[in-house]
Each structure stands twice: as structure tokens, then as C-alpha cells.
Amino acid sequence: MKYLKIIGNKNIEGEISISGAKNAALPLIACTILSKNKIAINNMPNVADINTFLRLIEKLGGTYEKNKDEVKISTLSIDKTTATYDIVKTMRASILVLGPLLARFGHCEVSLPGGCAIGQRPVDLHLKALEQMGAIIEIKNGYIQATAPQGLKGAKIVFDKVTVGGTENILMAAALAKGTTTIINAAKEPEIVQLCEVIASAGVKIEGIGTSKLIIEGTDKKLLEIQDFTVIPDRIEAGTYMCVGAITNTKLKINNVIPLHLEAIISKLEEMNFEIIQEENSVTVLPTDEIKPVNIITTEYPGFPTDMQAQFMALATQANGVSTIDERLFENRFMHVSELLRLGADIHLNGNIATINGKAGTLNGTDVMATDLRASSALVLAALVAQGETNIHRIYHLDRGYEDLEGKLSSIGVDVKRFNE
Ligand code: EPZ
């Protein structure tokens with residue numbers, strides 16, 4: 001296994017360019033299952049989860065060609081409808097093939113995703129909605145067995161909770177269903193908006209894109225003709241690098257972003273006394289004379305993203321005063337706390353609320369363990385301002401969602417190296 005060694009408190013300066021969004025690209029790859037033509041996808045992030053999803057498409061009988069950040073996918077040749085445990089256990093987003101496979105073939109089997117480090121993460125809302133669309137769902141031997149002998153039909157879906165993955169699965173299923181599907185309390189994330197636009201580019205009528213009410217007119221076509229597209233920039237990767245600039249109190253320009261997608265992150269950084277310059281495709285974090293504490297509640301888009309919670313906790317350890325973070329989406333998303341304590345942070349947990357007693361320059365380098373994707377990025381941030389060297393173990397978590405993290409950090413002066421254990 002590999003680990004990262006970071007020497008803290010190095011002078012940092014420069015610009016970082018953001019890659020395509022992992023959480024947009026994953027459902028978009030699943031969406032290619034609905035298409036009869038080969039699709040060229042540009043700005044595809046080179047991260048482990050994307051490679052896993054492409055392998056899943058291949059296991060189903062599809063093909064893909066990769067050339068730098070362009071991937072051409074063809075799924076006409078798909079002849080299998082089982083997403084097996086070996087793939088699903090490594091990446092729960094595999095559940096996103098359920099809707100498209102069922103809509104296209106009228107049957108499929110998908111290994112039931114187990115819990116993960118950040119929570120139980122059930123998929124009951126996905127299954128309930130598909131049943132409302134006429135699917136018969138059984139759980140057998142750890143697999144979701146779904147059939148729709150008459151094909152899926154449009155339905156009115158009211159999600160009990162806002163679910164990103166659930167909205168994506170039903171959006172894709174509805175595209176080939178007979179009649180109209182209405183999704184109420186749909187997720188509004190930018191990743192959902194892009195999925196809607198890509199499906200709409202194939203002639204599927206979708207009303208309410210970007211709102212919590214989506215109305216999808218299913219087509220009676222067997223398959224869609226999806227146009228080539230470019231993946232939107234990764235707002236969470238961008239937020240993470242904005243925190244690199246903030247925690248090191250450095251002027252840092254982040255390029256290839258959509259500032260609109262970063263509003264909640266920008267507003268919290270401004271509350272912490274940072275000035276953020278926004279330009280058309282970039283944001284620049286300016287140093288401040290005092291990092292102020294902040295109170296954060298994680299919620300669905302456009303509110304403050306849970307995927308930025310850990311990074312802001314690391315930043316709050318350097319603020320002058322007491323911050324609080326209330327994690328409302330996942331019941332177990334504070335695994336980074338014990339590792340930040342190892343670096344010398346002062347954090348108290350009470351259920352899903354963390355209280356951070358911040359003070360600049362109080363962290364000291366040591367060995368820490370990554371536990372999930374975003375928790376590991378918080379450890380990288382803390383290591384940037386910790387005295388001496390920090391070794392971050394189990395960095396395969398990082399590789400799942402951050403493209404070339406060392407290369408990007410080294411390019412702005414961070415002393416970071418990857419080693420084998
Ligand atoms: C997506 O996960 C993202 N993953 C997550 O990012 C992100 O944290 C999450 O949305 C919330 O923004 C991808 O896009 C691949 P949900 P998803 O369904 O779709 C509960 C990262 O770091 N729920 O919106 O799995 C669920 O347990 C990852 O990149 C049900 O109860 O999230 C959670 O508490 C981590 N039943 C809440 O809803 C269901 O059927 C939101 O989950 C579905 C969800």
C-alpha cells in the first residue's frame with residue numbers, strides 16, 4: 001500500500017487547474033447504457049472510481065477507448081445485465097446502472113451495495129421509486145433482482161429524502177419508460193443538471209431542470225441517440241484546493257471552475273474572513289490577517305456540501321476561536337476527527353455536531369490514516385500546516401476522487417511525495 005509524506009509550512013504560490021467532476025462523470029457513464037451510438041466524453045477525470053465504472057461497462061459487454069481526458073464509450077454490444085459483487089463492493093456508485101439496465105433490458109441484477117465508512121447508505125428510495133414505475137424488485141443472495149416484463153411506465157415519485165443517486169437512477173429509467181414521470185423533492189446538484197441536459201440532448205423532454213420537480217416525457221424508442229459532451233468541472237475538487245489556499249493563507253488561483261457551483265463554499269470562506277475573487281472560469285483565494293471561526297450545517301445543494309465538511313474542519317483548526325460543524329446527511333462522517341486529534345487538533349464530538357477549538361500553528365506532523373475520500377483530503381490540508389512531516393496512509397481513498405493530487409500540489413510548491421509502505 002502507498003502513503004503520502006508531506007512536509008508542512010512550505011511557501012505555496014501559483015495556480016491549480018481543476019479536472020472533470022467525478023460525481024457528474026459516474027452517472028453520465030451509466031447513462032451511456034441508454035444510447036445506441038458511440039459517445040465521446042471529454043474532460044473525464046482520471047481517477048480510480050471512473051476506471052472502475054468503465055470496467056463495469058466492459059464487464060456488461062460494452063467497450064471504451066481512452067485517450068487522455070477523452071473517453072469514447074459504446075454500449076450497443078452490452079449482452080449481460082448483472083453488476084457483480086466484486087465491482088459493486090469497491091464502488092457503491094455502481095448502483096447507477098440499475099435504472100438504465102432495467103429500462104433497456106426489462107431485467108437486471110445488481111449487487112446490493114453494503115454500508116460504507118460514512119454511513120449505512122441504503123438504496124431503499126431507488127427501489128421504491130422503480131416499483132412505482134412497474135418494476136418487480138426482489139433481494140436475493142445479496143443481489144437486487146429487478147424485472148419489468150411490460151417495460152417501465154411513467155409514475156409520480158415523491159422522494160421522502162433528497163437523494164442524488166436516487167434522482168439519477170429514476171431520471172435515466174424514466175427516459176425509456178412509457179409515459180410521463182414526475183419526480184418531486186428531486187436533487188438539484190449541478191451533476192443532476194448535466195445528466196438532465198445530456199438526456200435531453202437525445203430528444204427526451206425534461207421540464208424543471210435544476211429544480212426539485214422534474215417532469216420527464218419517456219420516449220417509445222428502444223434506445224436514445226446521445227450527443228457527445230464535456231464533463232463539468234469538479235466543484236468539490238475546486239473547494240478542496242480553495243481550502244489549500246485558505247489553510248496556508250496563500251494567494252491561490254483555481255482555474256477551470258464554474259463559480260456559480262461554489263457559492264456555498266465561497267460564502268463560508270468569506271465568513272472565515274477570506275476575500276475570494278471570482279472571474280468567469282476561476283476563483284482566487286486571498287490571504288487574510290486572521291482566520292475567523294465558522295458555523296456549518298451540511299445540506300443538499302445549493303446548501304453547504306457534506307463533501308466539503310472534512311476539509312473545512314481541517315481549516316477550522318487554524319481559525320482563531322470556536323467553530324461548529326453539524327453533519328446532517330451522513331450518520332458516520334467524522335472519521336477524520338480522530339486523525340486530526342493525532343495531529344494535535346482540539347475537536348469535541350457530540351453526536352453529529354463537532355466543536356473545533358481553533359488556533360493557528362498548533363498542528364504537529366505524525367502518521368495518520370485515511371478512512372474515506374474526503375476525510376483523506378482533510379488530512380492533506382492539515383499536513384500542509386503541521387510542523388515537520390506527516391505520513392498519510394491508505395491513500396487509495398484519495399486516488400478514488402482526486403486526479404494527480406501530488407502533481408497539482410507540487411506545482412504550487414508543496415513538499416509532497418508518494419512512498420510504498
Ligand atoms: C452522492 O451520494 C455523492 N456520490 C456523495 O459524494 C455525496 O456525499 C452525496 O451524494 C450527497 O451529496 C456520488 O455522486 C457518486 P444520496 P449518494 O443518495 O447518491 C440517504 C464523495 O465524497 N438515502 O444523496 O449515495 C443516504 O443514506 C461522495 O464524492 C436513503 O436513506 O447520496 C444519505 O443519508 C461521498 N435511501 C442521504 O439520503 C436511499 O435510497 C443522501 O444520500 C438513498 C439515500
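Predicted model: local features only at pLDDT ≥ 70, side-chain atom pairs only at ≥ 80, totals over all residues.
The description begins with an open sheet. Four strands make up this sheet, in the order β4-β5-β3-β14. The pairing within the sheet is mixed. Strands β4 (63–67) and β14 (229–230) form the edges, and each of them pairs on one side only.

Strand β3 (residues 39–42) and strand β5 (residues 70–74) run antiparallel. Three bridges join the two strands. Within this pair, A40 has K72 of β5 as its bridge partner. I39 stands opposite I73, also in β5. Strand β3 is also paired with β14, and here the strands run parallel. Two bridges connect β3 and β14. In this pairing, I41 has F229 of β14 as its bridge partner.

Helix α2 (residues 48–59) lies across β4 and β5. The helix runs at about 145° to β4. The loop between β3 and α2 contains N43. This residue is not a glycine, yet N43 has a positive phi of about 60°.

Strand β7 (residues 107–111) pairs with strand β9 (residues 143–147) in the antiparallel sense. Five bridges span this pair. E109 faces Q145 of β9 across it, the two residues standing opposite each other. Strand β8 (residues 136–140) also runs antiparallel to β9, and five bridges join these two strands. The bridge partner of I137 is A146 in β9. Strands β8 and β9 form a hairpin with two residues between the strands. In this hairpin, N141 takes a positive phi near 50°.

The ligand comes next. The shell around the ligand holds 22 residues. The closest are D124, T163, V164, D307 and L329. By class, the shell comprises ten nonpolar, five polar and seven charged residues.

An N or O atom in the side chain of N23 lies 3.0 Å from a ligand oxygen atom. The side chain of D307 has an N or O atom 2.6 Å from an oxygen atom of the ligand. D307 is also listed among the closest residues of the shell.

The protein covers 88% of the accessible area of the ligand, which on its own has 840 Å².

The peptide bond from Y301 to P302 is cis. Its omega is near 10°. P302 is placed in the loop between β18 (295–297) and α10 (309–316).

In outline, the model contains an open sheet of four strands with mixed pairing, and antiparallel pairs of β9 with β7 and with β8. The ligand is surrounded by 22 residues, and the protein covers 88% of its accessible area.

Definitions and conventions:
Residues numbered from 1 in each chain as written. Heavy atoms only, no water. Pairing = 2+ DSSP bridges. Contact = heavy atoms within 4.5 Å. Axes fitted to C-alpha atoms, helices over the stretch in contact; angles between N-to-C directions. Near = heavy atom within 4 Å. Polar contact = N/O pair within 3.5 Å; in protein donor to acceptor, adjacent residues only side chain to side chain. Areas by Shrake-Rupley, 256 points an atom, 1.4 Å probe, with all protein chains shown as cover. Nonpolar A, V, L, I, M, F, W, Y, C, P; charged D, E, K, R; others polar.
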